[in-house]
Amino acid sequence: MSVTAPAGFEAAGVAAGLKSTGKPDVAVVVNRGPRKVGAAVFTSNRAKANPIIWSQQVIADRVVEAVVLNSGGANCFTGSFGFQTTHQTAEKAAELLDISAGDVLVCSTGLIGTGDEVFRAKVLAGTDQAIATLSADGGDAAAQAIMTTDTVAKTAVVQGDGWTIGGMAKGAGMLAPGLATMLVVVTTDADLEPLEADAALRAATGTTFDRLDSDGCMSTNDQVTLLANGASGVKPDLDAFRSALRELCQELAVKLQGDAEGASHDITIEVRGAVSEQDAVEVGRSVARNNLFKAAIFGNDPNWGRVLAAIGTTSAQFDPYDVDVWMNDVRVCTAGGPDRPREDVDLTPRATNLVIDLRSGEASATILTNDLTHDYVHENSAYAS
């Protein structure tokens with residue numbers, strides 16, 4: 001049930017004609033609960049889509065009653081006309097729901113530069129249609145409507161002590177850190193204060209979505225939203241809520257990794273023995289974004305030399321000649337030199353684990369990525385057509 005698993009939320013997903021396939025492409029999530037707490041994190045890309053610019057204004061007072069999302073067009077780099085489209089979308093939803101347009105977040109995803117008069121008309125009509133079909137069972141339909149190159153809808157639910165968290169996500173390409181890395185809506189019927197919700201969301205995204213680096217390409221439209229309505233009547237233990245929220249975000253992040261465009265390997269990069277967590281993240285990300293390493297994994301080649309070459313480009317504190325590397329539980333490098341034979345490493349399973357021990361400190365971090373395949377290149381070479 002995704003975003004409608006917690007009490008007091010309704011959702012819908014409809015086909016408005018934005019996608020040439022005729023599949024659902026407009027979703028609405030509405031908070032019907034007693035409280036209207038909202039929190040959100042956005043892409044840190046300086047090139048921001050019109051919905052991001054709008055939503056950043058809306059979230060300033062941390063009051064959100066509804067979210068309207070569309071796939072089939074990013075409404076990015078579409079000028080003032082595109083911003084007015086976003087504004088009109090919020091106004092349409094507000095009119096139909098009898099709320100303020102300033103309490104409606106808007107999200108779009110799809111091809112950059114898409115957002116003309118036809119796009120506007122379809123988004124507005126889809127918003128009308130979706131609101132007319134809102135229901136407490138509409139979470140799955142909403143999750144399907146936000147898909148672009150995703151092959152499956154991505155949802156998750158975590159139960160707390162008298163409260164529930166539900167979430168939906170989309171993303172299969174352009175997955176790289178920027179506070180958010182995709183479109184995600186998370187709902188909860190826990191009773192949270194605005195600052196509590198904001199802090200919990202930032203902590204959760206910081207170690208989940210921010211650690212997913214599938215292809216190193218940051219989008220212009222990325223947003224993660226948390227809505228809290230207090231419908232359960234329960235004020236949660238904050239530590240328990242933060243843990244549950246992180247669990248849900250991690251589950252969604254792994255599902256995004258597993259559906260990355262064209263990927264044949266899901267790679268978990270664990271960096272140990274770093275001087276600081278920041279160093280561990282930097283080292284892990286340097287490998288996740290190294291095309292030579294990613295291509296080697298695609299070819300089932302345990303080329304650990306590419307790992308050392310990648311981490312040597314970072315500013316992290318460690319001795320490159322005192323590093324250990326494991327691939328799928330086989331230590332192939334120790335103290336910067338060869339260890340077990342490459343032939344001992346089996347890289348044919350989709351799940352691939354890389355462990356890098358910098359042997360310099362006590363900090364660690366894990367980065368999720370994928371291999372670089374022919375299918376990824378083909379899909380992104382033909383995306384616009």
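Visitor: Which strands, in what order, make up the open sheet of 5 strands?
Guide: The order is E3-E9-E8-E7-E6, and the pairing is mixed. Strand E3 (37-42) and strand E6 (154-159) each have a single partner strand, so they stand at the edges, with one side of each lacking a neighbour in the sheet. This is a predicted model, in which local features need pLDDT of at least 70 and side-chain atom pairs count only at pLDDT 80 or more, while totals for chains, interfaces and linings use all residues. Residues are numbered from 1 along each chain as its sequence is written, and side-chain values use heavy atoms, with hydrogens and water left out.

Visitor: What makes E8 and E9 a pair?
Guide: Two strands pair if DSSP finds at least two bridges between them. Strand E8 (residues 183-188) and strand E9 (residues 223-228) have 6 bridges, in the parallel sense, so they pass that test.

Visitor: What is the order of strands in the open sheet of 4 strands?
Guide: That one reads E1-E2-E4-E5, again with mixed pairing. Its edge strands, E1 (9-14) and E5 (104-108), each pair on one side only. Strand E4 (residues 66-70) and E5 run parallel and are joined by 5 bridges; Val67, for instance, has Leu105 in E5 as its bridge partner. Helix H3 (residues 117-132) lies across E1, E2 and E4.

Visitor: Why is H5 described as it is relative to H6?
Guide: The axes of helix H5 (residues 194-206) and H6 come within 9 Å and cross at roughly 45°. That angle makes H5 oblique to H6. The scale is this: under 35 degrees is roughly parallel, over 145 roughly antiparallel, 65 to 115 roughly perpendicular, and the rest oblique. Axes are lines fitted to C-alpha atoms, for helices over the stretch in contact, and angles between N-to-C directions run from 0 to 180 degrees. In contact (heavy atoms within 4.5 Å), Glu196, Ala200, Leu201 and Ala204 of H5 meet residues of H6 including Leu238, Phe241 and Cys249.

Visitor: How do you know whether Leu256 is buried or exposed?
Guide: Buried means under 20% relative accessible area, exposed over 50%, and partly exposed in between, using a 1.4 Å probe and protein chains only. Leu256, which lies in helix H6, has a value of 0%, so Leu256 is buried.

Visitor: What is the largest nonpolar core, and which residues have the most contacts inside it?
Guide: A nonpolar core is a set of buried Ala, Val, Leu, Ile, Met, Phe, Trp, Tyr and Cys residues joined through side-chain atoms within 4.5 Å. The largest has 46 residues, and Val29, Val67, Leu69, Val104 and Met168 have the most contacts inside it. Strand E2 (residues 26-31) contributes the most, with 5 residues. A second, separate core has 32 residues, including Ala288, Ile297, Leu308 and Val323.

Terms used: Helices (H or I, at least four residues) and strands (E, at least two) are DSSP runs, numbered from the N terminus.
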